Amino acid sequence: MIHRITMSEGSARFWGVVFGGITAVGLIAGGAYTLFQFLDSRAKDREAKEKEAATYALQVATAQVEARMPSYSRHLNLCSEAVTYAATIATTKDAKKRKAAEEDFWRLYWGPLGIVEEGEVERAMIAFGKCLNKDCEQSLRTLSLALAHGCRAEVSRHFELNLPQPS
(Lines give C-alpha, C1' and ligand atoms only; values in the text may rest on other atoms or scores of the structure.)
Protein backbone atom coordinates (compact mmCIF):
# COMPACT_ATOMS: atom_id res chain seq x y z
CA MET A 1 0.00 0.00 0.00
CA ILE A 2 1.26 3.40 -0.94
CA HIS A 3 0.72 6.25 1.38
CA ARG A 4 -0.02 9.51 -0.19
CA ILE A 5 0.91 12.63 1.59
CA THR A 6 -1.31 15.48 0.91
CA MET A 7 -0.66 19.05 1.68
CA SER A 8 -3.01 21.89 1.92
CA GLU A 9 -2.75 24.73 -0.53
CA GLY A 10 -1.63 27.12 2.22
CA SER A 11 1.09 24.71 3.29
CA ALA A 12 2.23 24.25 -0.29
CA ARG A 13 2.46 27.99 -0.72
CA PHE A 14 4.36 28.36 2.52
CA TRP A 15 6.90 25.71 1.51
CA GLY A 16 7.08 27.16 -1.97
CA VAL A 17 7.98 30.55 -0.53
CA VAL A 18 10.52 28.98 1.88
CA PHE A 19 12.25 26.97 -0.86
CA GLY A 20 12.07 29.93 -3.22
CA GLY A 21 13.71 32.08 -0.55
CA ILE A 22 16.38 29.45 0.05
CA THR A 23 17.00 29.28 -3.70
CA ALA A 24 17.24 33.08 -3.92
CA VAL A 25 19.68 33.22 -0.99
CA GLY A 26 21.71 30.43 -2.62
CA LEU A 27 21.80 32.29 -5.93
CA ILE A 28 22.82 35.55 -4.24
CA ALA A 29 25.52 33.80 -2.20
CA GLY A 30 26.77 31.99 -5.33
CA GLY A 31 26.81 35.25 -7.28
CA ALA A 32 28.65 37.05 -4.46
CA TYR A 33 31.22 34.23 -4.27
CA THR A 34 31.70 34.31 -8.04
CA LEU A 35 32.13 38.10 -7.97
CA PHE A 36 34.65 37.81 -5.12
CA GLN A 37 36.61 35.15 -7.03
CA PHE A 38 36.59 37.30 -10.18
CA LEU A 39 37.83 40.40 -8.36
CA ASP A 40 40.46 38.40 -6.47
CA SER A 41 41.65 36.82 -9.72
CA ARG A 42 41.95 40.25 -11.36
CA ALA A 43 43.95 41.58 -8.42
CA LYS A 44 46.30 38.57 -8.57
CA ASP A 45 46.67 38.99 -12.34
CA ARG A 46 47.49 42.68 -11.87
CA GLU A 47 50.09 41.84 -9.20
CA ALA A 48 51.60 39.18 -11.45
CA LYS A 49 51.79 41.62 -14.36
CA GLU A 50 53.41 44.26 -12.13
CA LYS A 51 55.98 41.74 -10.91
CA GLU A 52 56.60 40.62 -14.49
CA ALA A 53 57.06 44.23 -15.60
CA ALA A 54 59.47 44.91 -12.72
CA THR A 55 61.42 41.75 -13.54
CA TYR A 56 61.57 42.73 -17.20
CA ALA A 57 62.74 46.26 -16.33
CA LEU A 58 65.47 44.80 -14.12
CA GLN A 59 66.54 42.41 -16.89
CA VAL A 60 66.68 45.27 -19.39
CA ALA A 61 68.73 47.43 -17.00
CA THR A 62 71.09 44.53 -16.31
CA ALA A 63 71.49 43.80 -20.00
CA GLN A 64 72.24 47.47 -20.70
CA VAL A 65 74.93 47.59 -18.02
CA GLU A 66 76.41 44.30 -19.24
CA ALA A 67 76.44 45.59 -22.81
CA ARG A 68 78.33 48.70 -21.74
CA MET A 69 80.65 46.80 -19.38
CA PRO A 70 83.50 46.21 -21.89
CA SER A 71 83.59 49.91 -22.72
CA TYR A 72 83.37 50.91 -19.07
CA SER A 73 86.09 48.44 -18.12
CA ARG A 74 88.30 49.79 -20.90
CA HIS A 75 87.61 53.32 -19.67
CA LEU A 76 88.58 52.31 -16.12
CA ASN A 77 91.81 50.66 -17.30
CA LEU A 78 92.82 53.60 -19.50
CA CYS A 79 91.96 56.10 -16.77
CA SER A 80 94.09 54.11 -14.32
CA GLU A 81 96.98 54.21 -16.75
CA ALA A 82 96.59 57.95 -17.38
CA VAL A 83 96.41 58.70 -13.66
CA THR A 84 99.47 56.54 -13.00
CA TYR A 85 101.49 58.29 -15.72
CA ALA A 86 100.35 61.74 -14.59
CA ALA A 87 101.22 60.96 -10.97
CA THR A 88 104.62 59.63 -12.00
CA ILE A 89 105.32 62.77 -14.03
CA ALA A 90 104.14 65.01 -11.18
CA THR A 91 106.07 63.27 -8.39
CA THR A 92 109.15 61.44 -9.66
CA LYS A 93 112.63 62.87 -9.43
CA ASP A 94 114.01 60.18 -11.77
CA ALA A 95 114.40 61.82 -15.21
CA LYS A 96 114.30 58.47 -17.02
CA LYS A 97 111.02 57.40 -15.35
CA ARG A 98 109.53 60.83 -16.01
CA LYS A 99 110.47 60.71 -19.71
CA ALA A 100 108.91 57.22 -20.09
CA ALA A 101 105.77 58.36 -18.22
CA GLU A 102 105.47 61.44 -20.45
CA GLU A 103 105.70 59.29 -23.58
CA ASP A 104 103.02 56.95 -22.23
CA PHE A 105 100.85 59.90 -21.20
CA TRP A 106 101.01 61.41 -24.71
CA ARG A 107 100.29 58.01 -26.25
CA LEU A 108 97.08 57.81 -24.21
CA TYR A 109 96.30 61.48 -24.84
CA TRP A 110 96.51 61.21 -28.63
CA GLY A 111 95.00 57.75 -28.89
CA PRO A 112 93.23 55.21 -26.72
CA LEU A 113 91.86 57.48 -24.00
CA GLY A 114 90.21 59.65 -26.63
CA ILE A 115 87.90 56.74 -27.44
CA VAL A 116 86.34 56.52 -23.99
CA GLU A 117 86.98 59.76 -22.11
CA GLU A 118 84.17 62.11 -21.25
CA GLY A 119 84.00 65.70 -20.01
CA GLU A 120 85.86 65.56 -16.70
CA VAL A 121 88.69 63.35 -17.92
CA GLU A 122 88.98 65.19 -21.22
CA ARG A 123 89.31 68.58 -19.49
CA ALA A 124 91.80 67.20 -16.98
CA MET A 125 93.90 65.56 -19.71
CA ILE A 126 93.97 68.79 -21.74
CA ALA A 127 94.98 70.85 -18.70
CA PHE A 128 97.71 68.37 -17.78
CA GLY A 129 98.96 68.25 -21.36
CA LYS A 130 99.08 72.06 -21.56
CA CYS A 131 101.06 72.14 -18.34
CA LEU A 132 103.54 69.62 -19.73
CA ASN A 133 103.97 72.07 -22.61
CA LYS A 134 104.67 74.84 -20.05
CA ASP A 135 101.25 76.52 -20.42
CA CYS A 136 99.73 76.28 -16.95
CA GLU A 137 98.90 78.16 -13.80
CA GLN A 138 98.61 75.11 -11.53
CA SER A 139 101.14 72.55 -10.42
CA LEU A 140 101.41 69.17 -12.12
CA ARG A 141 100.50 67.54 -8.79
CA THR A 142 97.24 69.49 -8.59
CA LEU A 143 96.42 68.66 -12.21
CA SER A 144 97.30 65.00 -11.66
CA LEU A 145 94.88 64.90 -8.74
CA ALA A 146 92.21 66.63 -10.86
CA LEU A 147 92.66 63.90 -13.47
CA ALA A 148 92.26 61.22 -10.79
CA HIS A 149 89.10 62.91 -9.50
CA GLY A 150 87.71 63.17 -13.05
CA CYS A 151 88.33 59.47 -13.59
CA ARG A 152 86.71 58.69 -10.25
CA ALA A 153 83.59 60.69 -11.18
CA GLU A 154 83.23 59.07 -14.60
CA VAL A 155 83.84 55.55 -13.32
CA SER A 156 81.41 56.13 -10.45
CA ARG A 157 78.75 57.25 -12.91
CA HIS A 158 79.37 54.36 -15.31
CA PHE A 159 79.23 51.66 -12.68
CA GLU A 160 76.48 53.46 -10.75
CA LEU A 161 78.57 53.44 -7.59
CA ASN A 162 77.48 56.86 -6.31
CA LEU A 163 80.88 57.45 -4.76
CA PRO A 164 81.10 60.61 -2.66
CA GLN A 165 82.91 63.55 -4.19
CA PRO A 166 86.46 63.95 -2.92
CA SER A 167 86.98 66.98 -0.73
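Helices H4 and H5 pack at an angle of about 165 degrees, with their axes 8 Å apart (axes are lines fitted to C-alpha atoms, for helices over the stretch in contact, and angles run from 0 to 180 degrees between N-to-C directions). Helices here are DSSP runs of H or I with at least four residues, numbered from the N terminus. H4 and H5 are therefore roughly antiparallel to each other, a label that goes to angles over 145 degrees, while those under 35 degrees count as roughly parallel. Among the residues making the contact are Val-121, Ala-124 and Phe-128 of H4, along with Leu-143, Leu-147 and Cys-151 of H5; contact means heavy atoms within 4.5 Å. H4 passes H5 in a left-handed crossing, meaning that the near helix is turned anticlockwise from the far one by less than a right angle.

All of this comes from a predicted model, in which local features need pLDDT of at least 70 and side-chain atom pairs count only at pLDDT 80 or more, while totals for chains, interfaces and linings use all residues. Residues are numbered from 1 along each chain as its sequence is written, and side-chain values use heavy atoms, with hydrogens and water left out.

The axes of H1 and H4 come within 12 Å and cross at roughly 30 degrees. That makes H1 roughly parallel to H4, and their crossing is left-handed. On the H1 side, Cys-79, Ala-82, Ala-86 and Ile-89 meet Val-121, Met-125, Phe-128 and Leu-132 of H4.

Back on H5, the 19 residues should span 27 Å at 1.5 Å a residue, and the end C-alpha atoms are 27 Å apart, which agrees (the expected span is 1.5 Å times one less than the number of residues). Buried residues of H5 include Leu-140, Leu-143, Ser-144 and Leu-147, where buried means under 20% relative accessible area with a 1.4 Å probe, protein chains only. The buried residues of H5 pack against H1, H2 and H4. After H5 comes Glu-160, with a positive phi near 50 degrees.

Leaving aside residues up to four places away in sequence, Phe-128 touches Ala-86, Ile-89, Phe-105, Leu-140, Leu-143 and Ser-144.

Terms used: Helices (H or I, at least four residues) and strands (E, at least two) are DSSP runs, numbered from the N terminus. Buried means under 20% relative accessible area, exposed over 50%, partly exposed in between (1.4 Å probe, protein chains only). Angles under 35 degrees count as roughly parallel, over 145 as roughly antiparallel, 65 to 115 as roughly perpendicular and the rest as oblique.
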